[in-house]
Amino acid sequence: MKIYNVITIFPEMIQSIFSWGVVSQGIKKGLLEINPVNLRDFTKDRHKTVDDYQYGGGQGLLLKPEPLCEAVRDIKQKFCNTRVILLDPRGEKFSQKTARRLLNYDNLTFICGRYEGVDERVRKLVVDEEISIGDFVLSGGELAASVIIDSVARLVPGVLGDEMSSEDESFCNGLLEYPHYTRPYEYEGLKVPDVLVSGNHKEINDWRIKESLKITLQNRPDLLKGKALNKETDEIVSQIVKRMNEGVSLYVALLHYPMVDKHGDVVATSITNMDLHDISRSCRTFGVKNYFVVNPLEAQREIARRVLTHWQEGYGATYNPNRKEAFEYTVIKESLSEVIDFIEQKEGCRPLLIATSAKDAPNRAKLEPFLKENYDKPMLILFGTGWGMSEDLMKLVDVIIEPIKGAGSFNHLSVRSAVAIYLNKINGLLGGNKDEQQAN
Ligand SMILES: C[S@@+](CC[C@H](N)C(=O)[O-])C[C@H]1O[C@@H](n2cnc3c(N)ncnc32)[C@H](O)[C@@H]1O
């Protein structure tokens, strides 16, 4: 059995923290014992004084040395041996590695400072090591001791229901953990990644390794420095880093069918000259790989082709060469499925379909976390025309992104403006494609 003693002026605080959750279960199972020790029990005066003013002046009181040393000696007498830890911002920074090291001791004693801390002689006389839980100052050591006890106690065999679950967590293999999902399968428009419902254990495991590496690279690249990786993992890391440096593979499609009109009927809308020009210019500016103008009507596509040809090959090309450049990555397509095939051929995988809508709803995903999670996948952002995309179309997409919010209740941006604003936001969050656009 593991015994964790906590010397404190607030023993009830420790008692109450460990009356909950897995640690309390561990106590009930007899795997560990938490022993709060009231510092005041080791005072000799009537007032049970544990603190006093500092020599040399200065604000704040200190915990006196005598009760602390006597409390430690009392514990040592009872248990023969204990490892004494002083909680202190000066100490070694606590980590999962330290938690694993402390697991080797059967008896630990934590000294919780209060006020300005403890008399310096306590460290010299009874303390074996000092631990800080981070570069911040708490008002007492009780929370710090509880953090340490909690993370060590859950490593004690049998405390967690499933022996594997502590093996699997963040920091156990030196990395941050991969994302987890539970039911429902779809929540507020966000679905569980396909691979997790595939039943293919190898693919699930590969996905988890990749996500874990991705999250570590994004949030804590320091954890990977100097870490020995196997060949396969090293390759995944290089691919992720390459992707991160390249920027996101972004595509834009302006859809003209199936849209709804002002009566709510599903219709095909017309291509406008301004949408051709202005969205091409925005896409070129922000490094979008291709801008697709999608219309099922041949006559409409023919008009668009003529505009493009004028600016790319006709008089327009010499009149305004940078307009020619803007149209270089504009592609006219008949249907969304053609667009998806086109991207799949280029990228080797299906793009994530991201719908935009001016209407807010609970299932709208926040742009930043979505992009950060998916920056390594090609993305196709869909923009609608008319009164917006039909409901059936919305059901096909992977995510509907939150609308651009205006200053008040009026929110009727032109699709051209919406494209520019979204692209500017994405560029700020992830960076563009860095001159890797694809000539059509
Ligand atoms: C207000 S703090 C004293 C801070 C001290 N005067 C200093 O500046 O380092 C009171 C007590 O809280 C505990 N404490 C505060 N911050 C801590 C941290 N980051 N890690 C561990 N213990 C901490 C220590 O036991 C400390 O003696």
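Which residues does Ser282 touch, not counting residues up to four places away in sequence? The answer is Ala420 and Leu423, where contact means heavy atoms within 4.5 Å. Ser282 sits in helix α9, residues 273–285. Helices (H or I, at least four residues) and strands (E, at least two) are DSSP runs, numbered from the N terminus. Ser282 counts as buried because its relative accessibility is 13%. Buried means under 20% relative accessible area, exposed over 50%, and partly exposed in between, with a 1.4 Å probe and protein chains only.

Before I go on, some ground rules. This is a predicted model, in which local features need pLDDT of at least 70 and side-chain atom pairs count only at pLDDT 80 or more, while totals for chains, interfaces and linings use all residues. Residues are numbered from 1 along each chain as its sequence is written, and side-chain values use heavy atoms, with hydrogens and water left out.

Where do backbone atoms come in? A polar backbone atom of Leu87 is 2.7 Å from an oxygen atom of the ligand, and a polar backbone atom of Ile133 is 2.9 Å from a ligand nitrogen atom. For Gly140, a backbone N or O atom lies 3.4 Å from an oxygen atom of the ligand. The ligand taken alone exposes 590 Å², and the protein buries 84% of that. Those areas come from the Shrake-Rupley method with a 1.4 Å probe.

Now helix α3, residues 65–79. Its 15 residues should span 21 Å at 1.5 Å a residue, and its end C-alpha atoms are 21 Å apart, so the two agree. The expected span is 1.5 Å times one less than the number of residues. In α3, Pro65, Pro67, Leu68, Cys69, Ala71, Val72 and Ile75 are buried. Those buried residues pack against several elements, including β1 (2–8), β2 (32–38) and α5 (120–126).

Just after α3 comes Cys80, with a positive phi of about 70°. Most residues other than glycine have a negative phi, and most peptide bonds are trans. Cys80 lies in the loop between α3 and β5, and is exposed because its relative accessible area is 70%. Tyr115 also has a positive phi, of about 55°.

There are cis peptide bonds to point out too. One joins Arg183 and Pro184, with omega about 5°. Another runs from Tyr257 to Pro258, with omega near -10°.

Pro258 is in the loop between β10 and β11, and His256 is placed in the loop between β10 (250–255) and β11 (259–260). Is His256 buried or exposed? His256 counts as buried, because its relative accessibility is 0%. His256 and Gly386 are 130 residues apart in sequence and 7.8 Å apart in space, C-alpha to C-alpha.

Methods: Polar contact = N/O pair within 3.5 Å; in protein donor to acceptor, adjacent residues only side chain to side chain.
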